Each structure stands twice: as structure tokens, then as C-alpha cells.
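User: I have a model open and would like to go through some of its local features. Could we begin with the terms and then take the elements one at a time?
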Amino acid sequence: MKRTITHLADGRELIYFDRRDDADRSAIDRRRLDPRPPASELRYDPLTEEWIAIAGHRQTRTFLPTGGTAECPLCPSSDERATEIPSYDYDVVVFENRFPSFSGNFGTYEPVGGLSEVRPGVGRCEVVCFTSDHDSSFSALSDEQVVLVMEAWADRTAELSGIEGVEQVFCFENRGAEIGITIAHPHGQIYAYPYVTPRTKLQLGAAERYKGPGNLFADVLAAERAEGTRVVASNELWTAFVPAAARWPFEVHIYPHRQVPDLAALTDAERAAFAPLYTSVLRAFDGLFGIVMPYISAWHQAPVRTGRDLAYLHLELFSIRRAPNKLKYLAGSESAMGAFVNDVRPEEAARMIRSQIDH
């Protein structure tokens, strides 16, 4: 892999990840861009003990450009048009988000009264372009391309974890208009948070309190592999299964068989083995109803400084589609109370997904 760092017209960092050592990445950003916005402000909710990012500048971010490749900011640049990627081609690209939820570009942060503490939204947000092909998808990537994306994720996890104030690094992909994407080009994002996220705190708290024979995550994996009903795909290094208490109509968790804290800790063999298994699950999702399946794909990694001995890297993939023409909306119980009600039995979901992989 060749790694090339350059900068965009407003000073944001951009990194090319190439399979070829002779890739030319000397192109410069020809645009005139507005100054970068200040970082969001964080406000503390004393009732839930959670931090909320207030990022008003994100209201102006790009929203569903309609001209395909002619307007897409994530396609390669051309003689006629300059985009976020200065080069005329690329394999995988990572760059700082133009409209970040967290950054190191601080502004002024005034007290807001009440019991809410205010502090700068320190951190970093990056965009990961999986391919230069606007009309492709992650499920269509070659195994070699998936491994390159994983190398980019691992590189960014390691580097972002070293930023002062960053407590957790989150790599994820949103796919589909139903999920709320704002750009259709195949891409994901990376958030470097200035706190440990609520979901991670819950999971690590459960792992710390667990009285079983081993690590909680490892024991969940072992139990699912032994029971087998909800396993949808596996190989010698990874297993994909529908969790017994799935929240979403179609939800798959993918675990490596070895406990590691984050993506940077995976071996070359583990990255290679992940690629075909993951894309087969994604294609199975699309095959369920014969239409593009909206999904969120979320890597759960250990925090930077706490709980690393308890954490277990895994990916959680889920869709809000519950039938060909029906979506799972987070209405009263889920949104107001955080109490999920799933419309599809996890065993039936596993059977349906497994049939598409077998097919």
C-alpha cells in the first residue's frame, strides 16, 4: 500500500491509499473555498450524563446533489470540474470533512446557564471514499479493494487515537436515502470523539459486571457459534450472526474469532478473511426483497484509554427495512424511552439472510 498526504484549498488534510507504488498524487485543489468553520460546542445533559454536539454549521452541508457524477463532490476531479478529490482517479481516499461535528479549529464557547457544562467539540471527522466509481457500492468491491479500505480504517484509527482529547474512534457507513445519506457516492465516515460514546459505555459496563467464564463478547460469540440457529456466515477467522435480542428487523453482528481492541490490531490474514464474508452478507441484504437495502454499518472499537482489556472489536450491521414497502421507524417507545420493539423474529431474519447467502 502507498500512502500519500496532501492538503485541500482550505487546509484540510487528504490522504490517498493506493495499491500501486507509482500512483501520481501531485494534483492540487484548484477551488476557492470558504474558511473552515469552528468546532462544534459540546453541551452536557446532566439527566442522561451524555454530551451533545451543537454544530449549526452543518446545516449548510451538501444535500443530495441531483446531477450524478456531474455534481458529486466525491468523484475524482476532471479538467472541467474540481471536487473534494484533486486527482483524476483514486483507489481509496480519506479527507477531513468540510462540515465536521468535531474538529481542532476552536471558536468561542460561552456558558449557557442551567446545569449544562459547555466545552469545545475537540476531535476530527473524516470522509472515506471506498471507490472512485460513483455507481458502485461496498457490496460490489473486490476483496482486494475491501482490504485496502480496511487498511485505511486501521491507519486512521491508529492516527486519530493519538490526537489530544480524542477518547474513541468510530468508523461507519450510512447507505440509502431512507437512512439519511446526503451524498450517494459509496463512502463512509470516521468520527474521533472527545468522549466515550453512550453505547460503548453500556457495553463495557455490562462486560465489567459479567460473571461468566470469560470475556462477555467472546462468550456471546462462542454461544452463538455453538447454538448455530442465528449464524448466517462464517469462515475460520470470522463469524456473522443475528443477535438473539436484535433491535432491528435485519441486524447482523460480525466478530473476529480473536479478541482484539480495534481495527489496527487485526492481522493481514484477518483483514483478507473479512472481505468476502462481509460483502456476501451485504449482497444477501440486497437480495432479501430484491431492492437496495438501506443500512448502517458500524465498527465497535475499544476507547483510546479505557476498557481496552474488556472491549472486543466487532461490526454491527443493520437495516431499518422490515418488508419490501415498510420501514422500521423509531417512534414513541424507541425514540422517547430507548425501548426497542422488533417486528421480525431474529431466527426468521437469520434464516432469510442465510438463504440469500446460500443462493
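Predicted model: local features only at pLDDT ≥ 70, side-chain atom pairs only at ≥ 80, totals over all residues.

User: Then how many bridges join β1 to β2, and do they run parallel or antiparallel?
Analyst: Strand β1 (residues 2–7) and strand β2 (residues 13–18) run antiparallel and are joined by six bridges. Thr4 stands opposite Tyr16 in β2.

User: What lies between the two strands?
Analyst: β1 and β2 form a hairpin with five residues between them. Gly11, in the turn, has a positive phi of about 95°.

User: Which residue other than glycine has a positive phi?
Analyst: Glu49 has one, with phi near 60°. Glu49 sits in the loop between β3 (41–45) and β4 (50–54).

User: Is Glu49 buried or exposed, and why?
Analyst: Glu49 counts as exposed because its relative accessibility is 55%, and the cut-off for exposed is over 50%.

User: Changing topic: does the span of α3 agree with its number of residues, or disagree?
Analyst: It agrees. Helix α3 (residues 216–227) has twelve residues, so at 1.5 Å a residue it should span 16 Å, and its end C-alpha atoms are 16 Å apart.

User: Which residues of α3 are buried, and what do they pack against?
Analyst: Leu216, Phe217, Asp219, Leu221 and Glu224 are buried. The buried residues of α3 pack against α2 (198–209), β10 (231–234), β11 (238–241), β12 (250–256) and β14 (314–319).

User: And the second largest pocket: how much space lies in it, and what lines it?
Analyst: The second largest pocket holds about 370 Å³ of space. It is lined by 18 residues, of which Arg199, Gln203, Arg247, His253 and Glu316 are the closest to its centre. The elements giving two or more residues to this lining are α2, α3, β12 and β14.

User: Last one: where is His185, and what does its side chain reach?
Analyst: His185 is in the loop between β8 (168–175) and β9 (187–193). It counts as buried because its relative accessible area is 1%, against a cut-off of under 20%. The side chain of His185 reaches the backbone oxygen of Thr131 at 2.7 Å. Leaving aside neighbours within four places in sequence, the contacts of His185 include Cys72, Cys75, Tyr90 and His134.

Definitions and conventions:
Residues numbered from 1 in each chain as written. Heavy atoms only, no water. Pairing = 2+ DSSP bridges. Helix = DSSP H or I, 4+ residues; strand = E, 2+ residues; numbered from the N terminus. Expected span 1.5 Å × (residues − 1). Buried < 20%, exposed > 50% of the residue type's maximum accessible area, 1.4 Å probe, protein only. Contact = heavy atoms within 4.5 Å. 1 Å grid on protein atoms, 1.4 Å probe; cavity = no way out; pocket = protein on both sides within 12 Å on 5 of 7 lines; lining within 4 Å. Points joined across faces, edges and corners; volume = space filled by probe spheres on them. Polar contact = N/O pair within 3.5 Å; in protein donor to acceptor, adjacent residues only side chain to side chain.
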